[in-house]
Amino acid sequence: MHNTAKKKAILVVSFGSTYEETRKKNIESTENKIRSAFPGYDVFRAFTSRMVIRRLAERDGLQVDTEKQALERLQAAGYQEVYVQPLHIVAGEEYDKVKRIVAAYAHAKEKAFERIAIGRPLLYYMGQEEQPDDYLAVIEAVKSQLGKPDNSEALVFMGHGGVHPANAAYAVLQMKLEQAGFAHSYVYTVEGFPSFESVREKLQKQKVRKVKLMPFMLVAGDHANNDMAGDEPDSAKSQLLAAGFEVETQLTGLGENAAIQELYVQHLKDAIAHPGHKCHQK
């Protein structure tokens, strides 16, 4: 039974996943962390991927709202305050989808909600103009997964990437890793820059024997299982094995990491505290 007396809701929006186990470990666990951190709010789910939504409906009979449907539903249910927290990694295309609809609600002449604001994705601020450094916070959060730095071993993160200008976040992450002292940590993207080829070339120039591959994505889904760790000859794992490296793959999404979940909680707290901030309502 949802408590609508306070009429306050949090909408947690992610790309979504068709993998049930990874959905529970990464998306649901983060939603639950948010639920326990904000007891005065009703917490709802939406996915931005129409393909994932369609496949879940057809295959599992599972209905998940798009960000648009979810907000329409919250409006119909009479919620007055709505905070939207995306679980996206960068402020790219999927985040823009959510930001646009939140902005449309925020600036509508006929107000559907007394207050609506959006939290920032995982990588947003870089520590400039007295803003926090989201990149260093994320590096700190994934340290638990990194283990002790070993000069004979390299760590390679796989991000999603794309043509959106926000893809530059992955190159910034690479620089921030270097500044934080992770000399043998590299970032590549499946569909953007830096490319896997550029990282493989760097590895071949280094004196590393072993490479650990990890997804830098909320969920360890298709890309992690196939593009990164698959047995096809064009997967990152196969290419590194062919180049003579020992390869270990870690198939855990960032959403499983409790410290990453806490960062999303913090971004949501920031949005609630400063709903008119330029990041939240542009």
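Visitor: Which side chain does the side chain of R120 join in a polar contact of 2.8 Å?
Guide: This model is predicted: local features need pLDDT of at least 70, side-chain atom pairs count only at pLDDT 80 or more, and totals for chains, interfaces and linings use all residues. Residues are numbered from 1 along each chain as its sequence is written, and side-chain values use heavy atoms, with hydrogens and water left out. A polar contact is a pair of N or O atoms within 3.5 Å; within protein, one must be able to donate a hydrogen and the other to accept it, and residues adjacent in sequence count only if both atoms are side-chain atoms. At 2.8 Å, the partner of R120 is D270.

Visitor: Is R120 buried or exposed?
Guide: R120 lies in the loop between β4 (115-118) and α5; helices (H or I, at least four residues) and strands (E, at least two) are DSSP runs numbered from the N terminus. Buried means under 20% relative accessible area, exposed over 50% and partly exposed in between (1.4 Å probe, protein chains only). The value for R120 is 3%, so this residue counts as buried.

Visitor: What are the relative accessible areas of E129 and E130?
Guide: E129 and E130 are also found in the loop between β4 and α5. Neither is a glycine, yet phi is positive, about 50° in E129 and about 60° in E130. Most residues other than glycine have a negative phi. Both residues are exposed: E129 has 67% and E130 has 84%.

Visitor: How are α5 and α10 oriented relative to each other?
Guide: Helix α5 (residues 134-146) packs against helix α10 (residues 258-273) at about 150°, with axes 8 Å apart. Axes are lines fitted to C-alpha atoms over the stretch in contact, and angles run from 0 to 180 degrees between N-to-C directions. Under 35 degrees is roughly parallel, over 145 roughly antiparallel, 65 to 115 roughly perpendicular and the rest oblique. The two helices are therefore roughly antiparallel.

Visitor: Which residues of α10 meet α5?
Guide: Contact means heavy atoms within 4.5 Å. On the α5 side, the residues are D134, A137, V138, A141 and V142. They meet, in α10, A259, I260, L263 and H267.

Visitor: What distance separates the centres of domain 1 and domain 2?
Guide: The domain assignment, automatic or from a database, gives domain 1 (8-122 + 257-273) and domain 2 (134-217 + 219-252). In contact are 18 residues of domain 1 and 19 residues of domain 2. Taken over C-alpha atoms, the centres are separated by 27 Å.
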